[in-house]
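Please consult the sequence and coordinates shown here while reading.

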Amino acid sequence: MTTMVEKVARAIRMADIEQVKLRHTGVPLGLIEAAADALRADHMVMARAAIEAMREPTRGMVEDGYAALMDWDARTGEDKGIFDTWVAMIDAALNEEVSR
């Protein structure tokens with residue numbers, strides 16, 4: 001079973017690789033991947049920090065999560081409420097404007 005920290009760390013690793021490929025064209029992919037592998041512990045720390053930062057939802061996350069939960073049709077018998085709520089809240093976080 002893959003933990004959420006591992007899943008996020010893997011996403012950070014892939015984003016890291018993509019950024020290096022964009023900035024340093026011509027560097028062999030194997031070398032870039034080896035460098036990313038060497039940063040595995042760092043990626044795990046970043047992943048944990050990213051998840052901890054999401055512990056308290058923003059107002060938009062709460063509003064979208066609530067809307068998704070209220071959308072759940074109890075008559076169907078399918079319990080997708082918490083899943084849909086989680087997805088809506090994460091989507092809201094990803095769509096928020098970044099202040100500069």
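Q: How much space lies in the largest pocket?
A: The model is a predicted one. The lining of its largest pocket includes M4, V8, I51 and M54, and also R55, P57, M61, W86, M89 and I90. The space in this largest pocket is about 220 Å³.

Q: Which element gives the most residues to the lining of the largest pocket?
A: Among the residues that line the largest pocket are W86, M89 and I90. Two elements give two or more residues to this lining, namely α1 (4-23) and α5. With three residues, the element that gives the most is α5.

Q: Which helix provides the largest share of the nonpolar surface patch?
A: The patch covers about 560 Å² and is made by M4, I82, F83, W86 and V87. Helix α5 spans residues 81-95 and contributes four residues to the patch. The largest share thus comes from helix α5.

Q: Is F83 buried or exposed?
A: F83 lies in helix α5 and is one of the residues that make the nonpolar surface patch. A residue counts as exposed when its relative accessible area is over 50%. F83 has a relative accessible area of 56%, so this residue is exposed.

Q: What pattern does the protein chain follow along the sequence?
A: The chain has five helices and zero strands. Read along the sequence, the pattern is α-α-α-α-α.

Q: What percentage of the residues in the protein chain is buried?
A: A residue is buried when its relative accessible area is under 20%. The protein chain has 100 residues, and the buried ones make up 15%.

Q: Which residue meets R13 in a salt bridge that links distant parts of the chain?
A: Side chains of opposite charge can pair when their charged atoms come close. The structure holds three salt bridges. In one of them, the side chain of R13 is joined to its partner at 2.8 Å, N to O; that partner is D37. R13 belongs to helix α1 and the residue 24 positions away, in helix α2 (residues 29-38), is D37.

Q: Is D37 buried, partly exposed or exposed?
A: Relative accessibility between the buried limit of 20% and the exposed limit of 50% defines the partly exposed class. D37 has a value of 46%, so this residue counts as partly exposed.

Q: How many residues apart are K21 and E18?
A: K21 forms a salt bridge with E18, with the closest N and O atoms 3.1 Å apart. K21 is partly exposed at a relative accessible area of 33%, and E18 is partly exposed at 36%. Both lie in helix α1, about one turn of the helix from each other, and their separation in residues is three.

Conventions. Residues are numbered from 1 along each chain as its sequence is written. This is a predicted model: local features need pLDDT of at least 70, side-chain atom pairs count only at pLDDT 80 or more; totals for chains, interfaces and linings use all residues. Side-chain values use heavy atoms; hydrogens and water are left out. Patches are made of residues with over 30% relative accessible area and no salt bridge: like charges are joined within 9 Å, nonpolar side chains (Val, Leu, Ile, Met, Phe, Trp, Tyr) within 5 Å. Accessible areas come from the Shrake-Rupley method with a 1.4 Å probe; for residues, only the protein chains shown count as cover. A salt bridge is a side-chain nitrogen of Lys or Arg within 4 Å of a carboxyl oxygen of Asp or Glu. Buried means under 20% relative accessible area, exposed over 50%, partly exposed in between (1.4 Å probe, protein chains only). On a 1 Å grid over the protein atoms alone, a cavity is a set of points where a 1.4 Å probe fits but cannot get out, and a pocket is an open set with protein on both sides within 12 Å along at least five of seven lines; lining residues have an atom within 4 Å of a point. Grid points are joined across faces, edges and corners, and a volume is the space filled by probe spheres set on the points.
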